[in-house]
Amino acid sequence: MKIDLTETTSSKINQALVSARRAIGTPAIGMVLTLVIVTDEENAYDALKSAGDASREHPSRIIAVIKRGSRSPRSRRDARLDAEVRVGSDAGTGETVVLRLHGELANHAQSVVLPLLLPDAPVVVWWPEGAPADPAKDPLGALAQRRITDAYSAEHPGEELAVRADSYTPGDTDLAWTRITPWRSMLAASLDQQSAQVVSAMVEGESENPSCELLAMWLADRLKVPVERTVSAGPGLTAVRMETKNGVIVLDRPDGSLATLSMQGQPDRAVALKRRETAELLAEELRRLDPDNTYAATVKFGVAKLAGQAAPTPAEPAAAAAPAAAKKTAAKKAASK
């Protein structure tokens, strides 16, 4: 069931939600959270579809906030709120409200969203693209216990990870991190079968893919070993290689679907490691609303630190020691005079 509201208010939207639930015979509210999606017209359809699919696991009230640009000074002064209310089969297992904010109202989205939040339920805000530099300080982000961004949608994903590290607040997370959950699980399980210490690692994947950077930083942070980041044609992450004192562990996924796990002294094993849809990633993030300390430590490790962690060549210490030796020789000569 869909209800269109033009030049409306938050109060009228709440009334429409109650009327729609009664009309389809489901007056009781069984939703567990409010998911606020901040997007634009271009990406709204895909974001709402993913959120609707995720709501089958997490029944929720989905509020899509779409800020409409105004072309003339007069239209920018005219604040207007249009809304679309969806319940029943048109809204997954919860209910959906699509808000279109015009004029000055676009700068005060939190005042429209606040009366529509489910009472006594967690709030999650998701930016499919165009996330603010500091999500926790954003007016809508400040309403949430959990804030989800996606560095993959940024023009420069590597720089976006640095922004996420600088502004990290407990409750922040990124879908680029969620994408590597199966990889982290598989690599951790493989190390449980190998008691030997890891001495180095290599992560191979597409350039401009923040998930590859995050996986490399996670390995470097947790294992305290040098990690090399190499580029491949993709799709996405293609391989991880860990050198241990007992041999090499390789997790190779050339086609984006099926991976092969190779370990010293064991037969190769095929592992299902397909690239997941956004709805699956979102559903995973909605399973936990507490701070992700592992993500925090990984993103704060830093892309720049990962690139500069290579061990110095033997010539470098000697070159660094030469000026100090010259100073000592000069000091001795001056003392003997």
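Trainee: Happy to dig in! Which element gives the largest share of the lining of the second largest pocket?

Mentor: Let's keep in mind that this is a predicted model. The second largest pocket has a volume of about 270 Å³, and 16 residues line it. The elements that contribute two or more of these residues are helix 2 and helix 9. With six residues, the largest share comes from helix 2.

Trainee: Which residues are closest to the centre of the second largest pocket?

Mentor: By class, its lining holds six nonpolar, four polar and six charged residues. Out of the 16 lining residues, those closest to the centre are Asp46, Ser50, Trp126, Pro128 and Thr278.

Trainee: Back to helix 2, then. What angle does its direction make with that of strand 3?

Mentor: Helix 2 covers residues 41–54 and packs on the sheet. There it touches strand 2 (33–39), strand 3 (60–68), strand 4 (80–87), strand 5 (95–102) and strand 6 (123–126). Between the directions of helix 2 and strand 3, the angle is about 175 degrees.

Trainee: And what is the strand order in that open sheet?

Mentor: The sheet has eight strands with mixed pairing. Its edge strands, each pairing on one side only, are strand 1 (2–5) and strand 8 (172–174). From one strand to the next, the twist averages 15 degrees. Reading across the sheet, the order is 1-4-5-3-2-6-7-8.

Trainee: Which residue in strand 8 is the bridge partner of Ile148?

Mentor: Strand 7 spans residues 146–149 and pairs with strand 8 in the parallel sense. Three bridges make up that pairing. In strand 8, the partner of Ile148 is Thr173.

Trainee: What is the volume of the largest cavity?

Mentor: Thr173 turns up here as well, in a lining made of Pro135, Thr149, Arg164, Ser167, Asp172, Thr173 and Tyr295. Those residues divide into two nonpolar, three polar and two charged. A search of the whole structure finds one cavity of 30 Å³ or more. The largest cavity has a volume of about 40 Å³.

Trainee: Now the largest pocket: which residues lie nearest its centre?

Mentor: This pocket holds about 320 Å³ of space. Helix 7 (181–193) and helix 9 (278–286) each supply at least two residues of its lining, which divides into seven nonpolar, four polar and six charged residues. Of the 17 lining residues, the nearest to the centre are Arg179, Ser211, Arg275, Arg276 and Leu281.

Trainee: How is helix 8 oriented relative to helix 10, parallel or perpendicular?

Mentor: The axes of helix 8 (210–223) and helix 10 (293–301) come within 8 Å and cross at roughly 100 degrees. Angles of 65 to 115 degrees count as roughly perpendicular. Therefore helix 8 is, relative to helix 10, roughly perpendicular.

Trainee: Which residues of helix 10 does helix 8 meet?

Mentor: The residues of this contact divide into seven nonpolar, two polar and one charged. From helix 8 come Leu214, Met217, Trp218, Ala220 and Asp221. On the helix 10 side they meet Thr294, Ala297, Thr298, Val299 and Phe301.

Trainee: One last stop: in the hairpin of strand 13 and strand 14, which residue takes a positive phi?

Mentor: Strand 13 (258–262) and strand 14 (269–272) run antiparallel, joined by four bridges. Leu258 stands opposite Ala272 in strand 14. Six residues lie between the strands of the hairpin. The residue with a positive phi, near 80 degrees, is Gly265.

Conventions. Residues numbered from 1 in each chain as written. Predicted model: local features only at pLDDT ≥ 70, side-chain atom pairs only at ≥ 80, totals over all residues. Heavy atoms only, no water. Pairing = 2+ DSSP bridges. Axes fitted to C-alpha atoms, helices over the stretch in contact; angles between N-to-C directions. Contact = heavy atoms within 4.5 Å. 1 Å grid on protein atoms, 1.4 Å probe; cavity = no way out; pocket = protein on both sides within 12 Å on 5 of 7 lines; lining within 4 Å. Points joined across faces, edges and corners; volume = space filled by probe spheres on them. Nonpolar A, V, L, I, M, F, W, Y, C, P; charged D, E, K, R; others polar. Parallel < 35°, antiparallel > 145°, perpendicular 65-115°, else oblique.
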